[in-house]
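Here is a short note for someone opening this entry for the first time. Please keep the sequence and the view side by side while reading.

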Amino acid sequence: MLSIETFLHVGLAHYIFLSGILFSFGMIAVLMRKNVIVMLMGVELMLNAVNLSFIAFSKESGNLNGHIMVFFVMTIAAAEAGVGLALAVAIYKKFHEVNIRFFEHLRG
Amino acid sequence: MWEAIAFYSLAFFLVFFAFKTITVPNPIHAALYLVLTMIGLGAAFFNLGAQFIAGVQMIVYAGAVMVLFVMVLMLFDLKAELRSFSKGLFSGGLKVMSAALLAGLAIGAANSSVAILDTQDAAKPTMDVTRQLGILLYTKYLYAFEALGILLLAVAVGVVAVSRIKGGTHAQH
Amino acid sequence: MNHALLIMTLLLAPLLGFLFNGFRFSSKDAYLAGTVATGAAAISFFCSLLLWKDLLALPVESRVIATHFFDWINVGALNVRFGFVVDQISAIMILVVTGVGSLIHLFSVGYMAHDERPTKYFAYLNLFLFNMLILVLGDNLVITFVGWEGVGLCSYLLVGFWFTDSQKASAGMKAFVTNRIGDAGFLIGMFTLFFAFGTLNYADLAAIIPKVPETAWLGTITIATLCLFLGATGKSAQIPLYVWLPDAMAGPTPVSALIHAATMVTAGVYLFVRMSNVLVMAPHTMEVIAWVGASTAFVAATIGVTQWDIKKILAYSTVSQLGYMFLAVGVGAFTAAQFHLMTHAFFKALMFLGSGSVIHAMHEEQDVRHMGGLKKYLPITHITFVCGWLAIIGMPPFAGFFSKDEILFQAFASPYGNKGLWALGVVTAGLTAFYMTRLMCLTFWGKSRFGHDKHPHESPPTMAIPLIILGVFSVIGGWVGIPHVIGGGVGIPNILEGWLEPVTAQLKETEVSGLLEWGLMGFSVAVAAISALIAYSFYILSPETPKSIAAALGGFYDAVCNKYYVDEFYQGWIINPLVEGSKALWLYIDVNFIDKATYLAGDLVSGAASFVKTVQNGKTQSYALYMALGVVVVMTIVLL
């Protein structure tokens, strides 16, 4: 039932759809890019997409649970980004490379 | 109607910038595109009536996290990367497909579960969102809020400790 | 005294002696070990005397002391109790075993005083005594089999006692393996009896067994008893499994005396005397037993004539006398078999110990061609050996006369007897007299043929006393079984016959006139005397005559001297094909098939593992992809 109505009347589903697309972009970045920093950026993108869907749901349901959730996710994501970047710095200092194709030490 | 226009243009920009983020070879460019994505997301939050969250998004994400990213990138001496994408058409296609499938499933699940959203604690429309959020944070979720503070302290210390290993960030000759 | 306690002491004394000496097996103190071992044997003998006294006190109809310690095997229909029974037969056996055993233990103290491992020797001797007592006291076939196996093991341990010499060690192995072949027969006999009658208890079998003798060769009882007889040929060295006994002379001489003369090899005879009620119901088996016994006696006697090793002569003599015992069993003369068992224990153990004394005096020389004229150097040994000699050749009034003569008479006159068997027995008696006299001539009489470096001296008292005691018994031991024909007139009863009558199967005796009996007796004595005289003349008066006879017989003499090449025949036609066959089986089935299959299984797993290993390529992004796919699959299943 893809009528013009569904396109014109922007509701929850649209935002969910957008969030899904952004999430998949983030996931592709994690799976396909070789630079560690770009992978971390993909993780950030995924987290942000999820934040968007939280806010959309919160608007739909009328209460503020989604906002609270986003608050916490944002904080923790920021902390995690910090830690990840610190690790990337440490790796760079050690190996002078941040391309993960050089880091296959766990190969069986 | 204006709403729809606003949404669609915002969505278009978001998707475009996100796509550019993940496809440009140069990581600095990718970071900058990600900043734009963050700003766009802040606008989306504003659209959805979450003003406080929009502000926090701009300040924390676009203002702090991305700056951190760019700073770290500047530390490294990265030339334009050869083979910035993983090789292999098949594995690449597989990855894209799996991401798409996952997203599709998630969207479908979300849409079909709209009906079971609990609408209890319906917001009192008298107060504005920020105030309500503040009240919630400091009463109902106080414990978690304070724990967040401690977490951030630990992370701050940890980050400094991890990045202090011996070795320079100058490029090898 | 409490009978269970007596029987337990009887059995446990040698076991404790074994444990005591066993834990100290590396000690070189022969006197302590010997004292403990002889003490244990003496305690058993004392208990046997007490049990015999108690048995005498019981009335004739219920002359049995039975005790059982615990229920042992309780599986389905098989109920075996760990029980022991002392009745007339086992009383004789335990008295003989412990009595002769104690004397031999005493002898060993002197004989093994300078050995390298005396404590181990005494431990093994006590273990043997323990197992032999279990064998003769058991009240069912399974307990007997436990003892049977145990004495086989001890025989191996003791024959191969000086194991550093590979020949002696392989003699021990030969004894054990040949025994085991017999044991397979024993087991099959046990299985058949159990399958047919549901019990393995001697008393129950005697009650259940059908009272009509079987006429078919494939009847159950016939098959069972034939299989049991196969076991007996292994243990008691009859044809075809006698080949181990001459080789078993590699062990110390007291061992030969105890195991291969007096006790272990008589286990087969004991088994059939115990199962006499079952045996008489299978007349075909009895026929087989009689002929096998008689032929073994004859063949062994012919080989004994040609041997030069003093112990080998006595070994073949043992095989021959065991043949007599089986002849007696086969013609239904169970009392005579038991009688000969008893007297043979006395005089054969005596002669083995005497030969041990000779070997000890001649400093381990065993070849009779290097002996001679030892009469004046070893007086006690000589006198006792003469007693044994006269006993074995059957001179009245020595022990062997009564028992051997009883056997020959029964072979002639019993309903199962046969003139041919009697004739074979008489010829063998003549040969026995011949080679035993030959032994005496070459060892004790005549001129000395040993060098002047050897100074033979008489044995110490620990070795002399057992000889004297056994010598006395060789003289008087036969007087418990004086046949009616002799004793009836002067009022002396046949004590042994009266003693054993309640427990052995009694056959309808054919009536034989007293004159015939006297005639037969006189005939066999005459044959023995004439053979002895011939031997004396050959070996003392004209030593060249035997050599020329041997040369004249040429190839035949060589064949007899080489034991009819039986060992070589077994080696070539049975052992080697088995070994080659086993090697081929090993190569074609084990190495080629089973090993390859196992390696294949291993390789399959290994190959599959290396294939699966490629999943772990160390790339984080691959792992992330797998996770994503996993989540997709799970979500699909959950949502759809």
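Predicted model: local features only at pLDDT ≥ 70, side-chain atom pairs only at ≥ 80, totals over all residues.

1. Please read every value below as computed from it.

2. **Chain A, make-up.** Chain A has 4 helices and 0 strands. Its pattern along the sequence is α-α-α-α. Of its 108 residues, 54% count as buried.

3. **Chain A, shape.** The C-alpha trace of chain A spans about 55 × 30 × 25 Å along its principal axes. The radius of gyration of chain A is 18 Å, whereas a compact globule of 108 residues would have one near 13 Å. Take the contacts in chain A between residues at least 6 apart in sequence: 48% of them join residues at least 24 apart.

4. **Chain A against chain B.** Chain A puts 63 residues into this contact, and chain B puts in 77 residues. On the side of chain A, helix H2 (12-32), helix H3 (36-61) and helix H4 (65-95) each give two or more residues. H4(A) gives the most, with 20 residues. By class, this side of chain A has 41 nonpolar, 15 polar and 7 charged residues.

5. **Chain C, domains.** The domain assignment divides chain C into domain 1 (1-139), domain 2 (140-561) and domain 3 (568-639). The C-alpha centres of domain 1 and domain 2 of chain C lie 23 Å apart. Their contact takes 35 residues from domain 1 and 50 residues from domain 2.

6. **Domain 1 side of that contact.** Which elements of chain C supply at least two residues each to the side of domain 1 that touches domain 2? They are strand S2 (78-86), helix H3 (88-111) and helix H4 (118-137) of chain C. H3(C) gives the most, with 16 residues. This side of domain 1 of chain C holds 26 nonpolar, 6 polar and 3 charged residues.

7. **Largest core.** The largest nonpolar core has 198 residues. Among those with the most contacts inside it are Phe128(C), Leu133(C) and Ala349(C). Helix H15 (residues 334-361) of chain C provides the largest share of this core, 16 residues. Domain 1 and domain 2 of chain C each contribute at least three residues to this core.

8. Not counting residues up to four places away in sequence, Leu133(C) touches Leu10(C), Leu11(C), Ser44(C), Ile94(C) and Val97(C).

Notes
Residues numbered from 1 in each chain as written. Chains lettered and ligands numbered in written order. Core = buried A, V, L, I, M, F, W, Y, C linked by C-beta atoms within 7 Å. Buried ≥ 20, exposed ≤ 12 C-beta atoms within 10 Å, placed from the backbone. Domains from an automatic or database assignment. Contact = placed C-beta atoms within 7 Å. Rg over C-alpha atoms; globule rule 2.2 N^0.38 Å. Nonpolar A, V, L, I, M, F, W, Y, C, P; charged D, E, K, R; others polar.
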